[in-house]
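Have a look at the model first, then try each task before reading its solution.

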Amino acid sequence: MNDSIGPLNAAVQNATVPDKDTRLELYRSMQACRMMEQRAYDLFMQNLVKGTSHLALGQEAIAAAFGAAMRADDYTFCTYRGHNHTLVRGVSMTAILGELMGREIGLLSGKGGSMHLMDIEKGAMGSYAIIGAHMPMAAGAAWSAQYRESGQVAVCFFGDGTTNIGAFHEALNFAAIWNLPVVYVCENNLYMEYTPIGDVTAVENPAADRASAYGLERVIVDGNDADLMYAIATAALDKARSGGGPSLIEVQTYRHGGHSRADPGKYRPDEEVAAWKARDPIPNYRQRLLDDGIDAATLDAIEKEQSDRVDAADAAAQASGPPPLEIADTDVWADGGSSWRN
Amino acid sequence: MAQLSYREAVAAAIAQEMRRDKNVVFLGEDIAAAGGVFKTTGGLLEEFGPLRVRDTPIAEQAILGAAAGAAMTGLKPIAEIMFSDFFAVCWDIVVNQIAKTRFMSDGQCSFPLVIRSANGGGARFGAQHSQSIENWAMAVPGLKVVAPSSPADIKGLLAAAIQDPDPVLFFEQKSLYGIKGEVPDGDYVDQLGKAKVLREGTDVTIVALAAMVPRAMKAAETLANEHNISAEVIDVRSLVPLDVSTIFASVSKTNRLVTVEENPRLCGWGAEISSLVAEELFWDLEGPIVRVTTPHIPLPSADILEDAVMPSPQRIVDNVLKLAD
């Protein structure tokens with residue numbers, strides 16, 4: 001396949017601006033993600049969220065674009081940095097914040113936590129916290145869709161650090177040989193955890209430079225540009241749905257914070273952080289929409305609406321009590337129980 | 001009743017379930033065109049076609065990850081891991097994903113899948129192709145663990161495993177593939193979690209699994225003929241769920257327990273059964289519980305060495321005699 005004129009790169013080059021409703025939806029979705037993650041951070045600071053959490057502040061355009069472009073019955077597989085990818089599938093914000101706080105109202109009744117958000121009915125097939133493991137699982141869901149001829153597509157998000165683990169390579173080869181309807185999206189935020197990905201990777205672009213090994217098109221997209229992300233998401237989903245097989249998309253982005261709650265991200269040069277904050281996907285998108293003639297009042301209203309939504313979700317989650325202790329013994333097995341003997 | 005080999009019973013069970021349910025699919029290395037490296041899956045590709053019986057690359061994480069993703073989304077995959085030793089390269093998918101995700105999701109999804117694998121020693125393959133790992137699997141909440149000893153149990157328990165809504169690790173003991181036995185004709189589905197009393201006795205209960213079952217039966221024969229000791233032999237068949245009541249009923253009658261395990265000594269399944277009997281049935285015992293296991297070593301390759309370390313009928317007899325003293 002010729003890199004420069006493959007169908008995905010062509011889609012990016014020829015991308016047209018999405019219609020106004022879609023753009024407003026992208027803006028709304030990015031604001032929802034941003035405000036929810038900021039609230040999650042605040043709740044940590046108040047010690048209302050225990051354990052750990054991995055925020056995706058700064059990476060909202062990717063989740064918003066795929067959320068808008070995916071069909072309701074498509075599958076999302078994501079990582080422990082998965083609050084946004086879960087939210088954009090239409091999952092309850094109250095249930096997400098409740099899960100982070102270990103409340104009964106939580107999405108998983110407190111049994112999963114921040115790193116494992118999942119809502120099967122919405123196609124949010126889970127957030128996985130072992131690097132790479134969900135990549136072959138997404139291939140399996142795509143295989144199932146292909147076998148059932150359902151037209152569904154699986155989308156699998158992962159970080160740059162995942163590109164050096166075996167499961168990444170096994171999954172891409174597997175998806176390619178079976179021509180599976182799966183879209184692999186590498187969110188390259190430049191750091192695996194604390195270490196720059198470039199320091200530990202044999203190629204410059206950790207996902208894209210491996211694409212040719214699996215007969216896939218080499219694709220690198222600005223992950224902070226919601227319009228462009230929407231174009232590539234639509235193209236890759238269409239390709240998968242029409243029998244064109246898997247895609248591997250490397251999107252360039254940046255997390256505004258550290259790897260996890262425990263990490264202030266001090267290893268990153270100030271100039272680098274400043275440069276990427278200037279590329280913040282949300283204020284830049286707002287300005288673009290204003291430049292294109294959308295009035296400020298419309299955007300202000302969206303911000304107010306999402307801010308109110310987060311307040312309401314937070315209040316409802318905090319009003320919920322802890323989960324009942326009995327549920328710790330449930331749902332190991334499909335019969336709902338945990339018994340291993342008679 | 002037909003005479004089938006242990007290996008033929010594998011294909012018979014898979015074919016039976018694939019005929020019954022079109023959502024049953026089968027994947028693994030060399031399982032389709034080649035019919036399996038142990039010739040356990042011949043004829044399935046021809047009958048069910050390449051969309052349902054699929055050869056994979058040597059990529060165990062991909063095989064089991066794909067099986068997991070397919071199981072979450074409506075299929076009932078059967079995956080083969082050629083040798084159970086290879087679970088070590090994909091154990092994450094088994095333990096962290098398949099076993100935990102239903103629980104973590106608060107019951108939103110299930111993993112109706114079976115992972116078949118050739119397990120255990122006796123084939124002179126050396127330490128990386130001979131291990132007994134059923135006790136690894138038993139230690140993980142969320143996995144069902146089955147290890148049959150006969151062709152009939154292969155067919156009935158594999159069919160039951162495929163129909164089961166939970167993930168089942170199905171261990172076929174590779175040195176048994178050639179044995180033959182009566183297998184019920186037609187559709188035959190057994191039940192997981194049921195041990196079987198294969199020989200009734202009154203003096204001692206010998207509990208065994210997989211390849212240790214025929215050895216325990218042989219030992220019981222010797223004990224009866226040469227030592228006038230009446231041994232009851234129980235084939236555990238399923239470690240999870242574990243049929244504790246069949247074992248307890250027997251020990252309550254014989255008052256003595258010997259477990260025969262192929263796995264290395266530490267944390268073998270016999271230790272769990274011993275612990276249950278010691279905790280809950282202590283006052284029924286008339287002597288110490290005895291565990292017969294392979295020593296805590298990797299399995300050696302040379303036939304004379306492998307035979308020396310795996311529990312033999314004679315070693316079982318010797319241990320029972322010590323207990324009877």
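**Exercise 1.** Among contacts in chain A between residues at least 6 apart in sequence, what percentage join residues at least 24 apart?

*Solution.* Start with the rule: two residues are in contact if their C-beta atoms, placed from the backbone, lie within 7 Å. Counted this way, 76% of those contacts in chain A join residues at least 24 apart. Before going on, note that this is a predicted model, where local features need pLDDT of at least 70, side-chain atom pairs count only at pLDDT 80 or more, and totals for chains, interfaces and linings use all residues. Residues are numbered from 1 along each chain as its sequence is written, with chains lettered from A and ligands numbered from 1 in the order in which they are written.

**Exercise 2.** Find how many residues each chain brings to the contact between chains A and B, and which helix of chain A gives the largest share.

*Solution.* First, chain A gives 40 residues and chain B gives 41. Next, H6(A) supplies 12 residues, the largest share of chain A's side; helices (H or I, at least four residues) and strands (E, at least two) are DSSP runs, numbered from the N terminus.

**Exercise 3.** Compare the reach of helix H8 of chain B with its expected span.

*Solution.* The expected span is 1.5 Å times one less than the number of residues.
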